[in-house]
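Trainee: Could you pick one part of this model and take a close look at it with me, then work outwards from there? I'd like the cut-offs spelled out as you go.

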Amino acid sequence: MTVGGTVVVTGASGNVGTALLRSLARDSGTSLIGVARRVPEPGTEPYRHADWVPCDLGAPEAPDTLDAAFDGATAVVHLAWAIHPRRDDPPLWRTNTVGTRTVLRAAARAGVGQLVVGSSVAAYSPAPRWSRVSEGWATGGIAGSAYSRGKAWLERELDHFAVRHPGIALSRVRPCAVLQHDAAGEFARWLLGVALPGRWTGRAWLPLPLWPHLRVQVVHADDVAAAIHTILDRRATGAFNVAAEPVLRAADLAAAAGSPRVVVPRTVLRAGSGLAWRTGLHPLHPGWLELADRASLADTTRARTALDWVPAHDAAETVSGLAAGLRDRAGTASDALAPETAAPLWRRWCSVPWGRPSHQSQD
């Protein structure tokens, strides 16, 4: 594949952004510009393949910065999104709402030929539990999840953008949960917090609490990047669901992670999660459990036929890779994907923000 020209990637230091740089770096005819709030070490892989522009998308100076970055760009890939920010990070709405509007307006002013935006299957309204939904399913989101509501809002913004700027080829990628070995540090901070070291993953004495009837779709970050690369190459437009097979049940998820499973009713797990989040003992807000339980399953027929997309990694392999990364303290030179900090257990527990949440609310 040869995309050619200049491709600007916002959120290029994140999970999908890092994978996309790895993919596009193989395209010698393409120049890459990475936009990130925290610019990674430029001499490291895969970040050395891009010219970097530091930019907080929600800041007042962001429009001018993006105007300069987008000038002459062939395509813009917008991946920047605050998923599970800490309390001291910029507010979730500032990054996602203000930042996305800033990116869309800058892309329009620059007259870029192509715009690819990272959405999510989380944008879909709940469907019957084991039904697969195609790209035409309603994108009303899930009320109990800020992430889902934010992606549903993003879909409305893109609808308006498409009407106002019909000359820009617009596409939306809607992946399920995106995992990879190199994102283990990020997931350790999101899922485990400072109290539980990632090296404990898979220990027999640390079971994975999961509720009955859970079903989960995951996809490897490299496979999402491959879909985006093909979209850029073919100038494909519209929405594309991206998910690997098979759908994982609770027992499958625990087995892939190498952890024993303990069955916990969802209501009990939600109550416990809420208490742990409010007291700062655990970072996972119960809104994420609501999303995991009610997210629609994606039908990937369109990506497979229109893009000839076939994931290189199956779902269980992808979960196993992340679990191995947690045990190995894997990561990259990006702040977003930095390895989990190695610290004695007593020091980790001393850093727990007792009495207040460590991460922003997902209500």
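**A helix and its surroundings**

Mentor: Let's start with α5, whose buried residues pack against α1 (15–24), β8 (177–179) and α11 (315–328). Packing here is contact, meaning heavy atoms within 4.5 Å. Before going on: this is a predicted model, where local features need pLDDT of at least 70 and side-chain atom pairs count only at pLDDT 80 or more, while totals for chains, interfaces and linings use all residues. Numbering runs from 1 along each chain as its sequence is written, and side-chain values use heavy atoms, with hydrogens and water left out. Helices (H or I, at least four residues) and strands (E, at least two) are DSSP runs, numbered from the N terminus.

Back to α5, residues 184–192: seven of its nine residues are buried, so the helix is largely enclosed by the rest of the structure. Buried means under 20% relative accessible area, exposed over 50%, and partly exposed in between (1.4 Å probe, protein chains only). The buried ones are Ala 184, Gly 185, Glu 186, Phe 187, Ala 188, Trp 190 and Leu 192.

His 213 is at about 70°; it sits in the loop between β9 (208–210) and β10 (215–216) and is exposed, at 66% relative accessible area. Asp 308, also not a glycine, has a phi of about 55° and belongs to the loop between α10 (301–306) and α11, and α11 is one of the partners of α5.

Now for a helix pair, α2 and α3. Their axes come within 9 Å and cross at roughly 45°. The axes are lines fitted to C-alpha atoms, for helices over the stretch in contact, with angles running from 0 to 180 degrees between N-to-C directions. That makes α2 and α3 oblique to each other: under 35 degrees counts as roughly parallel, over 145 as roughly antiparallel, 65 to 115 as roughly perpendicular, and the rest as oblique. From α2 the contact takes Ala 62, Pro 63, Leu 66, Asp 67 and Phe 70, and from α3 Thr 102, Val 103, Ala 106, Ala 107, Arg 109 and Ala 110.

Two of those residues, Asp 67 and Arg 109, form a salt bridge, with the closest N and O atoms 2.9 Å apart. With Asp 67 in α2 and Arg 109 in α3, the pair ties together parts that are 42 residues apart in sequence. A salt bridge here is a side-chain nitrogen of Lys or Arg within 4 Å of a carboxyl oxygen of Asp or Glu. Asp 67 is partly exposed at 29%, and so is Arg 109 at 47%.

By that rule the count comes to 20 salt bridges. One of them joins Arg 94 and Asp 56 (3.0 Å, N to O). Arg 94 lies in α3 (residues 92–110) and Asp 56 in the loop between β3 (50–54) and α2 (62–70), so parts 38 residues apart in sequence are tied together. Asp 56 is partly exposed, at 22%.
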